[in-house]
Amino acid sequence: MIFIVYWAVLQLYFRSKMIKIKGTLTTVESPPRVKIDTTFRQNKLTYSNYWFLIHMAIIVAIAIISILNYNALPNVIPMKYDFQGNVTSSVPKTYLSVLAINLVQLGIIVLMMLVNWSIKTSKQQLTPSNPAQFAAEHIRFRRKWSLFTIITALLLTILFAFIQINMFVPNLVLLTGVSFIIPVLIVLGAVWLSLTARQGGGKIRNHQEDGERSKEQPVNDDDYWKLGFIYFNANDPSFIVEKRYGIGWTMNFARPLSWYLLLFILAMVGISIVLSQ
């Protein structure tokens, strides 16, 4: 929560500064013109969601093992440990408490599949010049993040599988090691990908010399970015668009589906918290 507030304050502060700077710049009136690669959607933009069948198979296998060994479990199941390995939270044994981790896993997989689909279907970015090179960089950008999404989901599936197996074969040292290594790998992977792939098209622009850069006006859609980071454009049929800055995508909040998805995500978080109690 502190990070979110800090980020919001920082965002509003620098947006205010940019508006003042923009107001001092000379505006060149010219008819809007962009170039677009019409074959962009014909390319393979992401990896298939069928890759998540591997994750599903692991979840189903662990669930079956849990059911078959249900009677071997103690009547009270430990759910949380402190750093010294002491149990800090436990629940009575029921089929729901035993399979709760599988439900959380399924929720994560559904969410990751949705992310992968969003990467594929997000709005194609426009450019004033060099659309072919711009599109090629975007395709590589999307495929890298698609692969990262699939691998992250697999690592999380493995992490939760270790937690569930620990109910039957307790090994706190191994569980602690896996619980530390997997989140670190995911964070390092995200940082590395953010630094190397950057936001779509950014690498092209950063590598261009001043003489190679287009003198045409960039696409101006300021009016559709509320507070600088909330995209709201009722005239745009796109559901997912690239963030205006930073890394990743955001939703077009003029689309009702965006609000339904937001409620779904909040519900998933709430259910996960309740099941973890």
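The buried residues of helix α2 are covered by elements that include α3 (95–121) and α4. In this predicted model, the buried positions of α2 are Phe52, His55, Ile59, Ile62, Ala63 and Ser66. Viewed down the axis of α2, these buried residues fall within an arc of 100°, so they line one face of the helix. An α-helix has 3.6 residues a turn, so residues three or four places apart point the same way. The face of α2 turned away from the buried side carries the exposed residues Leu53 and Leu68.

The protein as a whole contains 7 helices and 6 strands. Along the sequence, these elements follow the pattern α-α-β-β-α-α-α-α-β-β-β-β-α. Of the 277 residues in the protein, 31% are buried. Among contacts between residues at least 6 apart in sequence, 65% join residues at least 24 apart.

Two packed helices are described by the angle between their axes and the distance between the axes. For helix α4 (residues 131–168) and helix α5 (residues 172–197), the axes come within 10 Å and cross at roughly 170°. Angles over 145 degrees count as roughly antiparallel, and α4 and α5 are therefore roughly antiparallel to each other. On the α4 side, the contact involves Phe141, Lys144, Trp145, Phe148, Thr152, Leu155, Leu156, Ile158, Leu159, Phe162, Ile163 and Asn166. These meet Leu172, Leu174, Leu175, Val178, Ser179, Ile182, Ile186, Gly189, Ala190, Leu193, Ser194 and Ala197 in α5. By residue class, the contact of α4 with α5 divides into 18 nonpolar, 5 polar and 1 charged.

Within α5, the buried residues are Leu175, Val178, Ile182, Ile186, Gly189, Leu193 and Ala197, and they pack against α4. The 26 residues of α5 should span 38 Å at 1.5 Å a residue; its end C-alpha atoms are 37 Å apart, in agreement with that value.

Threonine 152 lies in helix α4 and is one of the residues of α4 that meet α5. With a relative accessible area of 7%, threonine 152 is buried, the cut-off for burial being under 20%. Not counting residues up to four places away in sequence, threonine 152 touches Met112 and Ile186.

Definitions and conventions. Residues are numbered from 1 along each chain as its sequence is written. This is a predicted model: local features need pLDDT of at least 70, side-chain atom pairs count only at pLDDT 80 or more; totals for chains, interfaces and linings use all residues. Side-chain values use heavy atoms; hydrogens and water are left out. Axes are lines fitted to C-alpha atoms, for helices over the stretch in contact, and angles run from 0 to 180 degrees between N-to-C directions. Helices (H or I, at least four residues) and strands (E, at least two) are DSSP runs, numbered from the N terminus. Angles under 35 degrees count as roughly parallel, over 145 as roughly antiparallel, 65 to 115 as roughly perpendicular and the rest as oblique. Contact means heavy atoms within 4.5 Å. Ala, Val, Leu, Ile, Met, Phe, Trp, Tyr, Cys and Pro count as nonpolar, Asp, Glu, Lys and Arg as charged, and the others, Gly among them, as polar. Buried means under 20% relative accessible area, exposed over 50%, partly exposed in between (1.4 Å probe, protein chains only). The arc is that of the directions from the helix axis to the C-beta atoms. The expected span of a helix is 1.5 Å times one less than its number of residues.
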